[in-house]
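Here is a short briefing on one protein chain. Please keep the sequence and the 3D view open while reading.

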Amino acid sequence: MTAGAYSLLAAVLYHTGDFNQATIYQQKALDINERELGLDHPDTMKSYRDLVVFYYRLQRTELDLKYVKRALYLLHLTCGPSHPNTAATYINVAMMEGGLGNAHIALKYLHKALKCNERLLGPDHVQIAAGYNAIVIALSLMEAYPLNVQHEQTTLRILRAYAINLLR
């Protein structure tokens with residue numbers, strides 16, 4: 001069976017609710033893609049992303065985190081640290097680390113995503129406001145409330161400007 005066939009079978013099993021079997025077949029697809037296509041091939045990276053989704057659904061956060069960090073490493077090698085997919089993956093790592101109670105690590109990845117998105121989208125994009133809001137949430141988990149004020153004010157400023165532009 002080819003990696004593509006295993007991946008399709010995994011998707012069908014996932015959508016029928018058989019997450020354990022889906023994960024097994026997606027792992028087989030990943031193994032084949034790594035062996036036949038290499039680590040830097042887009043299909044291999046897609047296999048990693050799909051496997052992350054399956055492990056996330058199974059609430060296997062530590063395995064999920066292992067594979068998302070591997071995907072992040074590959075994104076750094078192939079796309080660079082300032083690519084939109086890299087920024088999105090930083091956010092995914094932050095969510096998983098936060099879910100494990102590692103708010104300091106989550107905050108580090110949220111800052112990386114914010115800096116990357118600011119370079120890509122500009123400082124006044126609505127996505128930047130979402131990034132600041134995510135940092136506010138992480139700081140709240142760390143009970144660093146005084147630091148929240150600055151980020152909340154930045155979020156509000158961006159959202160106000162965005163709303164004014166929408167009304168024009």
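In this predicted model, the largest nonpolar core holds 31 residues, and Y48, Y67, V68, V93, Y109 and I135 touch the most other members. A nonpolar core is a set of buried Ala, Val, Leu, Ile, Met, Phe, Trp, Tyr and Cys residues joined through side-chain atoms within 4.5 Å. Buried means under 20% relative accessible area, exposed means over 50%, and partly exposed lies in between, with a 1.4 Å probe and protein chains only.

**Nonpolar cores**

- A second, separate core has 11 residues, including Y6, L13, Y14 and A22.
- As a general background, nonpolar side chains tend to be buried together in soluble globular proteins.

**Ground rules**

- Residues are numbered from 1 along each chain as its sequence is written, and side-chain values use heavy atoms, with hydrogens and water left out.
- Because the model is predicted, local features need pLDDT of at least 70 and side-chain atom pairs count only at pLDDT 80 or more, while totals for chains, interfaces and linings use all residues.

**Overall build**

- The chain has 8 helices and 0 strands.
- Its pattern along the sequence is α-α-α-α-α-α-α-α.
- Helices (H or I, at least four residues) and strands (E, at least two) are DSSP runs, numbered from the N terminus.
- The C-alpha atoms fill a box of roughly 55 × 35 × 30 Å along the principal axes.
- Of the 168 residues, 40% count as buried.
- Among contacts with a separation of 6 or more, 50% join residues 24 or more positions apart. Contact means heavy atoms within 4.5 Å.

**Helix pair α4 and α5**

- The axes of α4 (residues 61-78) and α5 (residues 84-99) come within 10 Å and cross at roughly 160 degrees.
- That angle makes α4 roughly antiparallel to α5.
- Axes are lines fitted to C-alpha atoms, for helices over the stretch in contact, and angles run from 0 to 180 degrees between N-to-C directions.
- Angles under 35 degrees count as roughly parallel, over 145 as roughly antiparallel, 65 to 115 as roughly perpendicular, and the rest as oblique.
- The crossing of α4 past α5 is left-handed. A crossing is left-handed if the near helix is turned anticlockwise from the far one by less than a right angle, and right-handed if clockwise.
- On the α4 side, the contact uses T61, D64, L65, V68, K69, L72, L75 and H76. On the α5 side, they meet N85, T86, T89, Y90, N92, V93, M96 and E97.
- By class, the contact of α4 with α5 has 7 nonpolar, 6 polar and 3 charged residues. Ala, Val, Leu, Ile, Met, Phe, Trp, Tyr, Cys and Pro count as nonpolar, Asp, Glu, Lys and Arg as charged, and the others, Gly among them, as polar.

**Helix pair α1 and α3**

- The axes of α1 (residues 3-15) and α3 come within 12 Å and cross at roughly 25 degrees.
- The two helices, α1 and α3, are therefore roughly parallel to each other.
- Helix α1 also passes α3 in a left-handed crossing.
- Residues S7, A10, A11 and Y14 of α1 meet D50, V53, F54 and R57 of α3.
- This contact of α1 with α3 has 5 nonpolar, 1 polar and 2 charged residues.

- H151 lies in α8 (residues 145-167). H151 counts as buried because its relative accessibility is 12%.
- Leaving aside neighbours within four places in sequence, H151 contacts Y132, I135, V136 and L139.
- T155 touches A129, Y132 and N133, not counting residues up to four places away in sequence.

**Positive phi in loops**

- Q59 is not a glycine, yet has a positive phi of about 60 degrees. Q59 sits in the loop between α3 and α4. At a relative accessible area of 69%, Q59 is exposed.
- E143 has a positive phi near 60 degrees, in a residue other than glycine. E143 lies in the loop between α7 and α8. E143 counts as exposed, at 60% relative accessibility.
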